[in-house]
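Subject: the model I promised you

Hi,

Here is the structure to open before we talk. Have a look around, then read on for what turned up.

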Amino acid sequence: MQSHAIDPASMAPEASGPRLLLEARAVTKQFEGLVANRDIDFEIPRHAIVSIIGPNGAGKTTFFNQLTGIYPPTSGTISFDGVNIHGFTPHEVAELGIGRTYQNIRLFQNMTVLANVQVGRHVRMRGQWFHAILGSASIRREEEETVQRARELLDLVGLSRSVENDLAKNLPYGDQRRLEVARALASDPKLLLLDEPTAGMNPGETRQMTEFIARLRRDLRLTILLIEHDMKVVMGVSERITVLDYGEKIAEGTPAEIRANPRVIEAYLGKQSSAS
Amino acid sequence: MSGNGAMLRSAVTVGGIVAAVMLYLVTVGLVLAFSEREVITGALTLGRLMLAVPPLVAGFVIAGRGGTWTGRLVAGVVTGAVAGAVMAVALLFADAVPGVRGVLVRVSPALVAFVAFDQPATTGAAMNVALAAVLGLVGAVARATPPHVRRPLMWGALGLVIMSMLEPFVRPRLTDFELGAVSRFIYQGRGLSIPGAVIMFVAFAATTAGWRPLRARVGGRIAAADAATQATIRGMALLVLILFLLALPQIAGSFLSQVLVFVGLYTLLGLGLNIVVGYAGLLDLGYVAFYAVGSYLTALLTSPISSLGLGIPFWIALPIVVLGAALTGLFIGAPVLRLRGDYLAIVTLGFGEIARLLFLSDALKPWFGGTQGILGVPGIFGVSRIDVPVLGWELTGPTLTYYPLLFFCILAAFVAHRLKYSRVGRAWNALREDEDVAEATGVNTVNYKLLAFALGAAVGCLGGAVFATQLQSVFPGTFNILVSITVLAIIILGGMGSIPGVIVGSLALIGFPQLLREFAEFRLLVYGGVLVIMMIARPEGLVPDITRRRELHEADAEAEAEAEMTPVEGA
């Protein structure tokens with residue numbers, strides 16, 4: 001990844017666009033007196049897997065919420081795929097191509113597995129209420145394609161066809177995580193945000209999940225951002241790691257650099273080892 | 001031994017609860033009100049039945065709690081006897097202390113005599129204990145009976161009761177169709193005759209017993225047939241259903257048609273509110289506003305003596321009414337977009353009242369007529385009577401209103417069905433499940449909330465429009481909070497988000513009370529009781545949504561299989 005200046009003219013529109021898929025400049029978020037994020041510069045190159053780590057309360061979630069449009073930064077800019085997303089609502093951000101999962105699984109519990117993925121596909125569908133009532137051929141085709149696509153995604157994340165009509169809440173924990181990924185993928189995202197995807201998993205499941213993340217990037221040409229507070233998880237899978245502490249970026253680099261960084265050890269690992 | 005002790009304790013508890021229910025039914029006057037209503041003439045009245053069912057249920061419940069079969073049967077007897085004993089003590093007390101009537105005004109000598117089976121109090125008390133104990137035992141035995149035997153017996157009994165309740169309506173119709181002899185054989189006085197009761201019981205029991213195997217066989221054959229045959233069969237079934245619905249007012253007669261019209265009106269309201277509450281999960285307690293808007297707009301536009309004085313024909317006014325209601329939906333929906341759950345419910349409740357008060361107000365009297373309302377609304381087709389040429393049917397009043405209402409109901413059900421299984425319906429469901437995640441998944445939650453309010457209003461206003469033409473006038477007093485609550489109760493009873501549920505719900509909550517006029521003063525009490533029981537016993541409703549029903553069926557089937565397979569080990 002040699003660095004070169006980003007030339008807007010060199011954007012290849014259909015294939016790649018700008019080299020950086022996401023670019024945050026001097027993002028600051030202030031709640032009343034509390035500065036949750038201070039002057040954070042952050043970027044995600046296309047087709048990379050990058051991670052944000054930091055102890056609990058470091059400002060990861062705040063940063064994440066600004067990326068997904070839940071609230072805008074107090075100052076600074078975030079642009080995604082060349083678009084400044086300031087003032088975008090979450091559904092507009094989703095339509096631009098950011099899909100996400102949740103740390104504490106948040107499925108549509110009383111809907112079927114298939115319907116969960118179909119809702120994920122919502123932004124790529126066109127059917128309005130009057131189309132639905134009239135039931136035109138094009139709308140039926142769209143529905144069929146959506147079912148088709150949803151099933152492919154369930155296959156991809158490793159959920160069997162036999163559970164597609166079960167309610168989401170009745171799936172075992174691991175399968176619920178898979179379903180969340182399938183729902184996020186259904187919107188054909190360019191960037192997939194995974195919020196602590198291995199939370200609550202044992203070492204075997206964690207390894208499977210990290211392998212799965214690597215496979216997603218390879219097979220679907222996705223760009224992936226992981227948020228973790230467990231450093232061990234991200235070391236193996238990500239190319240670049242950003243470390244937050246007390247709302248500020250304290251380090252950035254490859255896993256090897258992060259592992260060797262004294263500030264990280266002090267702020268992060270040091271705290272953990274002293275705690276145990 | 002301790003197992004048996006625990007069993008007895010819970011038998012006493014259940015008996016006590018059931019006794020409380022029975023005492024309540026007696027002291028509010030429900031039992032006496034129904035003591036003249038014959039089920040089987042000379043043998044059983046509805047009032048007696050009301051006191052017989054609770055110990056029966058108690059025996060059934062207690063026998064489902066495990067233990068040896070002997071233990072269960074004993075528990076059944078105990079629980080029934082406890083319930084009967086409480087009643088007996090109450091009876092002796094009421095007999096000995098006449099002053100009790102000063103506190104419990106409904107405890108009249110007639111009631112005391114009724115509870116005592118017209119015997120002296122001591123004999124009556126003993127009979128209460130004995131009868132309740134026997135009923136408890138019967139309930140426990142029913143639990144021991146395999147479902148394929150129990151179910152037909154239960155439906156047989158239920159069918160018998162329903163047929164006797166229908167006596168005032170069925171009998172004159174039988175006479176109209178020159179079946180007076182049949183009527184005299186089945187019915188006697190105001191209830192069923194004894195042979196009539198036996199026939200009804202056997203007929204309903206046999207139908208229930210035959211239904212499952214028949215459905216399995218026919219279903220198997222249809223599944224085995226090719227697609228074209230299946231389509232033909234489905235088409236034929238639909239045709240038969242439609243022909244039946246078209247002929248229904250002719251079979252049912254004028255009074256039952258009026259009942260059907262009420263059921264239809266509430267079905268329309270229910271289908272509309274179901275979009276808002278059942279699909280999108282927005283608890284709207286002011287739904288009556290849309291009913292009122294539908295009625296008033298229709299009256300304004302079609303009545304020649306309204307303030308507008310336009311006298312437009314109904315069918316031309318209808319699109320304007322629907323559009324107006326949808327806009328009202330947006331108007332009410334917009335300010336409450338950020339509210340959730342309880343807060344939304346409270347605010348919409350307020351909007352419902354505001355709508356009523358606006359129509360009632362003096363300030364708007366020049367338009368809406370204040371308390372006088374709007375008069376002179378013409379019938380739906382502009383005429384009061386239509387003669388159907390070939391069939392010789394005369395359609396007037398309710399038998400005439402029935403048809404456009406049926407059309408609207410079918411239309412509304414169709415629209416609701418199409419929406420439910422579409423991108424829109426799924427977006428609404430997602431909104432109901434988790435608003436934040438729905439938004440982050442790409443659902444424009446603002447638009448979809450407004451859409452739910454607007455479409456819900458558009459469907460509900462159809463009910464209002466038909467209502468105005470049927471009454472030929474509108475008054476603000478009609479559109480009170482009770483309408484909103486009744487419609488919500490219909491949805492809850494039928495099953496949130498379920499279209500057949502709305503129909504079943506309005507049949508049960510609107511149609512049934514019309515059949516039992518003794519109910520009138522107890523209607524709200526019964527609604528409340530029904531809702532509480534539903535929330536405890538079957539929160540997903542009578543006819544739940546397919547996805548929910550599937551879950552339920554699995555659980556049911558497992559429980560049933562378990563109950564049948566394992567003849568419970570000793571305690």
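Even so, chain A has a mean pLDDT of 87, and 91% of its residues reach 70 or more.

Some housekeeping: this is a predicted model, where local features need pLDDT of at least 70, side-chain atom pairs count only at pLDDT 80 or more, and totals for chains, interfaces and linings use all residues. Residues are numbered from 1 along each chain as its sequence is written, while chains are lettered from A and ligands numbered from 1 in the order in which they are written.

Now to chain B. It has 23 helices and 6 strands; these are DSSP runs numbered from the N terminus (helices are H or I, at least four residues; strands are E, at least two). Buried residues make up 42% of its 571 residues. A residue is buried if 20 or more other C-beta atoms, placed from the backbone, lie within 10 Å of its own, exposed if 12 or fewer, and partly exposed in between.

Have a look at helix H6 (residues 121-144) of chain B, which has 24 residues and reaches 35 Å from its first C-alpha to its last. That is close to the 34 Å expected at 1.5 Å a residue, the expected span being 1.5 Å times one less than the number of residues. Its buried residues include Gly124(B), Ala132(B) and Leu137(B), and what covers the buried residues of H6(B) includes helices H3, H4 and H5 of chain B.

Next, find Arg356(B) in helix H14 (residues 341-360) of chain B. Why does Arg356(B) count as buried? Because it has 21 C-beta neighbours inside 10 Å. Arg356(B) and Phe479(B) are 123 residues apart in sequence, yet 6.2 Å apart in space, C-alpha to C-alpha.

Finally, the two chains meet: 23 residues of chain B are in contact with 27 residues of chain A. On chain B's side, H17(B) gives the most, with 7 residues.

Happy exploring!

Methods: Contact = placed C-beta atoms within 7 Å. pLDDT = per-residue confidence, 0-100.
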